[in-house]
Structure formats: structure tokens, C-alpha cells
Amino acid sequence: MATVEQAESMTETVAEDGVRRRDFIHIAAVSWAGVGAAAVALPLLNQMGASADVRALASIEVDVAAIEPGQAIKTSWRKQPVFIRNLTPAEVADANKVAVGTLRDPQTLADRTKPGKENWLITMGVCTHLGCVPLGAAAGEVKGEFGGYFCPCHGSHYDTAGRIRKGPAPLNLQVPEFAFISDTVVKIG
Ligand code: FES
């Protein structure tokens with residue numbers, strides 16, 4: 001049997017150990033919290049880095065001054081092809097003489113371009129059927145039955161406003177968000 005003195009001594013030891021254990025638990029908890037914070041911070045920093053990349057990809061600026069009427073260029077935005085086309089007056093007239101109500105995806109050329117710059121047709125270069133890149137932007141490429149773009153994958157024909165006129169594609173070539181930031185520089189995105 002323990003004496004009273006031994007019992008008091010054991011109580012102190014237990015109390016001391018108890019404090020130590022609590023301290024240890026507290027320190028351990030703080031340490032893990034620190035590790036947890038660091039672990040959370042890393043993905044956050046990665047996300048911040050990614051969003052900077054995304055911001056950089058979010059818009060592009062293209063100087064279109066060198067694109068003559070009747071010519072088009074292919075560029076890339078958000079890793080997808082974009083066609084920028086300078087329509088001739090005849091191509092604008094062709095687009096405007098179509099009865100919009102007869103179209104599968106009814107839109108006027110004016111709906112798809114900017115006021116005063118109806119000759120600048122800017123569309124995604126992605127067929128709305130299954131995503132092929134239509135022909136017609138590069139010199140010498142087939143433009144299809146309606147003088148715009150032709151998707152050879154399954155035979156979709158787009159007109160000079162990039163509207164679907166024949167074939168399986170359900171919609172017009174998509175017009176991305178864009179704005180002219182000067183007379184010749186267009187910002188896409
Ligand atoms: S992907 Fe263009 S017609 Fe099918």
C-alpha cells in the first residue's frame with residue numbers, strides 16, 4: 001500500500017503528466033493545423049497561378065488591317081480555331097438578301113457583326129455538327145455552295161454570314177464575344 005506521501009507524489013506526477021499530455025496534444029494540434037494551412041495554401045496558390053493563365057487566354061487582340069476584302073485568316077482563341085473574314089460588298093449583299101425566316105438558325109448578318117463593320121465576320125472555326133474545322137478561310141479552300149464555309153466531315157455548308165444553309169449542322173458558326181478596340185484591332189473574348 002502506498003503511504004500518504006507516496007500517494008500525494010503520484011497525484012502530482014499524474015497531474016504533471018496530464019498537463020504535459022494536454023500540452024503535447026495542443027502542440028500537436030497546432031502543428032497539424034499549420035501543416036493543414038500549408039496544404040490548403042498550396043492548391044490555392046496553384047489556383048491563383050492557373051487563373052492568371054486563364055486570364056491570359058481569356059482574350060486575344062488581332063490587328064486585321066492586312067486582311068483584304070475577300071480574305072480570311074485563322075487564329076486561335078481558348079485553344080479553338082477562330083475565322084476572321086473581311087467580306088466583299090458582294091458577300092455582304094449575298095448575306096443580306098436571304099429571307100431570315102427560311103434559315104435553320106435565323107440570324108441576320110447584322111446580328112452577327114458590329115454596327116458599321118458588317119464586313120467583318122468573326123466566327124469560331126468549329127462546325128456545329130460534330131466539331132470539325134470547316135474549309136473556306138484559307139486561300140483556295142472550298143467555300144461550299146453558299147460561298148462561306150464548307151465542312152467536309154459530313155457536308156455542312158455555311159453562307160457568307162457563317163450561317164448553316166445545308167447539311168447536318170444544327171446551328172450557325174458560333175460568333176465569339178468580340179469588340180473593335182480601334183479601327184483595325186479586334187479584341188476577342
Ligand atoms: S462535323 Fe461538320 S458536318 Fe459533321
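Reader: What is the mean pLDDT of the protein chain, and how much of it reaches 70 or more?

Author: The mean pLDDT, the predictor's confidence in each residue on a scale from 0 to 100, is 81 for the protein chain, and 70% of its residues reach 70 or more. Over residues 1-48 the pLDDT is below 50, and this stretch has 2 contacts in the model beyond near neighbours in sequence, a contact being a pair of residues whose C-beta atoms, placed from the backbone, lie within 7 Å. Where pLDDT is low, the predicted coordinates should not be read in detail. This is a predicted model, in which local features need pLDDT of at least 70 and side-chain atom pairs count only at pLDDT 80 or more, while totals for chains, interfaces and linings use all residues. Residues are numbered from 1 along each chain as its sequence is written.

Reader: How do you know which stretches to call helices and strands, and how many of each are there?

Author: Both are DSSP runs numbered from the N terminus, with helices being H or I over at least four residues and strands being E over at least two. By that rule the protein chain comes to 3 helices and 9 strands, and from the N terminus on the elements run α-β-β-β-α-α-β-β-β-β-β-β.

Reader: What makes β2 and β3 paired strands?

Author: Two strands pair if DSSP finds at least two bridges between them; β2 and β3 have 6 bridges and run antiparallel, so by the definition they are paired. Within this pairing Ala72 stands opposite Arg85, and Trp77 has Gln80 as its bridge partner. The hairpin of β2 and β3 has 2 residues between the strands, and in it Arg78 takes a positive phi near 50 degrees.

Reader: Why are β5 and β7 said to stand at the edges of their sheet?

Author: The 3 strands of this open sheet come in the order β5-β6-β7, with antiparallel pairing. β5 and β7 (164-166) each have a single partner strand, so one side of each is left without a neighbour in the sheet. Neighbouring strands here are turned by 35 degrees against each other on average, direction ignored, where the axes are lines fitted to C-alpha atoms and angles run from 0 to 180 degrees between N-to-C directions. Between β5 and β6 (residues 156-159) there are 4 bridges, and Tyr149 stands opposite Tyr158.

Reader: What makes a set of residues a nonpolar core, and which residues have the most contacts inside the largest one?

Author: Such a core is a set of buried Ala, Val, Leu, Ile, Met, Phe, Trp, Tyr and Cys residues joined through C-beta atoms within 7 Å, where buried means that 20 or more other C-beta atoms lie within 10 Å of a residue's own, exposed that 12 or fewer do, and partly exposed anything in between. The largest core has 25 residues, and Val82, Ile122 and Ile188 have the most contacts inside it. β2, β3, β4, β5 and β9 each supply at least two of its residues. Ile188 touches residues including Trp77, Val82, Ile122 and Phe178, not counting those up to four places away in sequence.
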